[in-house]
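Dear colleague,

Below is the structure that I promised to hand over. Please look through it first, and then read the notes that follow.

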Amino acid sequence: MVMACTLNSINKKSTLLMLTAPVKTIGRIPASWGRHAWSIGREDPRRAVHALKAGTALTLVSLLYILEPFFKGIGKNAMWAVMTVVVVLEFTAGATICKGLNRGLGTVLAGSLALLIELVAAGTGKVFRAFIVGASVFIIGFAATYVRFFSTIKKSYDYGVLIFLLTFNLITVSSYRQNDVLPLTRDRLSTIAIGCAICLFMSLLVLPNWSGQDLHNSTVNKFEGLATSIEACVNEYFRDQDKDDNDKQEARASIQIGYRAVLDSESSDETLVAHYASWEPRHSMHCYSYPWQKYVKLGSVLRHFAYTVAALHGCLESEIQTPPSVRLLFRDPCTRVAQEVVKVLQELAVSIRRHRRCAPDVLSDHLHEALQDLNSAIRSQPRLFLGSKRACATNKHMLMELNSGNHTASRATLHSFND
């Protein structure tokens with residue numbers, strides 16, 4: 001009897017634990033979501049600001065449907081303004097301008113063409129009018145869809161062509177059952193214009209986020225990331241062998257973070273941000289626009305340089321390593337070259353961040369001297385290299401090119417971003 005009671009109590013406890021475990025798991029979900037949402041906003045506070053702007057814009061445009069005077073003047077077409085705010089308002093001003101102009105231009109062209117076809121078909125019979133409507137829908141649908149495959153249209157005006165196709169079909173097909181299509185077209189154009197105006201107001205005048213500024217900051221971060229990777233790579237290569245393994249893993253992780261961000265930046269920066277930056281007007285108190293085209297070219301050059309850093313990192317991770325005694329022979333000149341390269345990258349990053357010209361001697365003289373010292377160190381140990389004659393000839397040719405371009409490089413400066 002006692003054993004039965006004991007087993008019964010154990011079963012009740014196990015059942016209770018099985019029921020409370022899922023409840024605790026479900027109770028942790030809101031807390032985990034809250035921490036995740038907080039981390040996203042803390043990473044970039046502009047995201048929370050953009051969410052507030054979107055909520056405010058939707059509230060303002062909803063007044064067209066809620067307030068009786070506006071609803072009497074516009075009617076159910078006020079929902080087009082709400083739809084416009086939802087699809088047009090983007091995180092950056094450039095993206096909002098791009099979508100807003102595409103939507104406005106596509107709507108105006110579609111409405112004008114639909115009205116023109118309605119005027120042509122108005123004087124015909126019902127059967128012939130149906131034929132005109134069907135033929136126009138087929139021809140315009142075929143032409144607009146085919147045009148979307150053009151690279152220029154696909155890059156900048158794909159959304160506008162899509163809105164043109166949608167608006168044209170809605171107006172043209174609905175005009176077959178509706179005698180007067182002009183009020184319908186007017187109301188839809190006016191509500192879409194109101195929605196676009198609210199989006200542009202919130203994007204351009206209320207704490208705007210500029211795509212050009214994002215691309216500018218991304219370019220600066222690329223220079224700084226490459227400088228960090230090169231410095232960490234050289235220091236790790238010539239480090240003491242007695243160093244802790246944890247410090248070793250942290251140092252090698254920092255190397256990969258720097259150049260990996262540059263290699264992965266093409267899709268996010270050069271295609272999306274640079275495209276939207278081209279739509280943005282001149283802004284700020286100095287009334288300048290960011291040279292996004294030069295940033296795109298500079299990003300391509302930095303990616304090629306990042307591949308070189310990745311190759312250095314690969315040598316660092318190789319199973320076959322140079323003996324420490326040989327490394328010690330070239331430690332000082334290699335470290336000096338790395339320091340000068342890091343100094344150049346950091347100077348370029350600072351000059352771009354502050355929109356000023358950098359000192360030309362920083363880009364040429366000290367780095368040239370460091371390369372000469374490294375070349376002298378290599379030539380002093382010819383037996384350590386296979387094909388030393390070829391290596392010396394290559395280094396000599398490199399120095400001749402560097403000497404010939406030294407005077408030109410000393411006069412080379414970054415173009416001012418105030419132009």
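**What was found**

His-355 is buried, with a relative accessible area of 16%, where buried means under 20% relative accessible area, exposed over 50% and partly exposed in between, computed with a 1.4 Å probe on protein chains only. The residue lies in the loop between α15 (331–353) and α16 (365–379), and its phi is positive, at about 55 degrees, although His-355 is not a glycine. Helices here are DSSP runs of H or I with at least four residues, and strands are runs of E with at least two, numbered from the N terminus.

Please bear in mind that this is a predicted model, in which local features need pLDDT of at least 70 and side-chain atom pairs count only at pLDDT 80 or more, while totals for chains, interfaces and linings use all residues. Residues are numbered from 1 along each chain as its sequence is written, and side-chain values use heavy atoms, with hydrogens and water left out.

A positive phi in a residue other than glycine is also found at Leu-207, where the value is near 45 degrees. Leu-207 lies in the loop between α9 and α10 (211–237), and with a relative accessible area of 58% it is exposed.

Turning to helix packing, the axes of α2 (residues 46–66) and α4 (residues 78–88) come within 8 Å and cross at roughly 170 degrees; the axes are lines fitted to C-alpha atoms over the stretch in contact, with angles running from 0 to 180 degrees between N-to-C directions. The two helices α2 and α4 are therefore roughly antiparallel to each other, a term that applies to angles over 145 degrees, whereas those under 35 count as roughly parallel, 65 to 115 as roughly perpendicular and the rest as oblique. On the α2 side the contact (heavy atoms within 4.5 Å) involves Ala-57, Leu-58, Val-61, Leu-64 and Tyr-65, which meet Ala-78, Met-79, Ala-81, Val-82, Val-85 and Val-86 of α4. The residues of this contact divide into 11 nonpolar, no polar and no charged, with Ala, Val, Leu, Ile, Met, Phe, Trp, Tyr, Cys and Pro taken as nonpolar, Asp, Glu, Lys and Arg as charged, and the others, Gly among them, as polar. The buried residues of α4, including Trp-80 and Thr-84, pack against α2, α3 (68–74), α5 (93–122), α8 and α9 (182–204).

As for the rings, six aromatic pairs are found in a search of the whole structure; rings of Phe, Tyr and Trp (its six-membered ring) pair if their centres lie within 6.5 Å, and planes under 30 degrees apart count as stacked, over 60 as edge-to-face and the rest as tilted. The rings of Phe-164 and Phe-168 are stacked, because their centres are 6.2 Å apart and their planes stand at 15 degrees. These two residues are four apart in helix α8 (residues 158–174), and so Phe-164 and Phe-168 are separated by about one helical turn. Phe-164 is buried at 15% relative accessible area, and Phe-168 is buried at 0%. Tyr-237 and Phe-238 instead form an edge-to-face pair, 5.0 Å centre to centre with 85 degrees between the planes; Tyr-237 is partly exposed at 23%, while Phe-238 is buried at 11%. Phe-142, Tyr-146 and Phe-150 are linked by ring pairs into a cluster.

With regards
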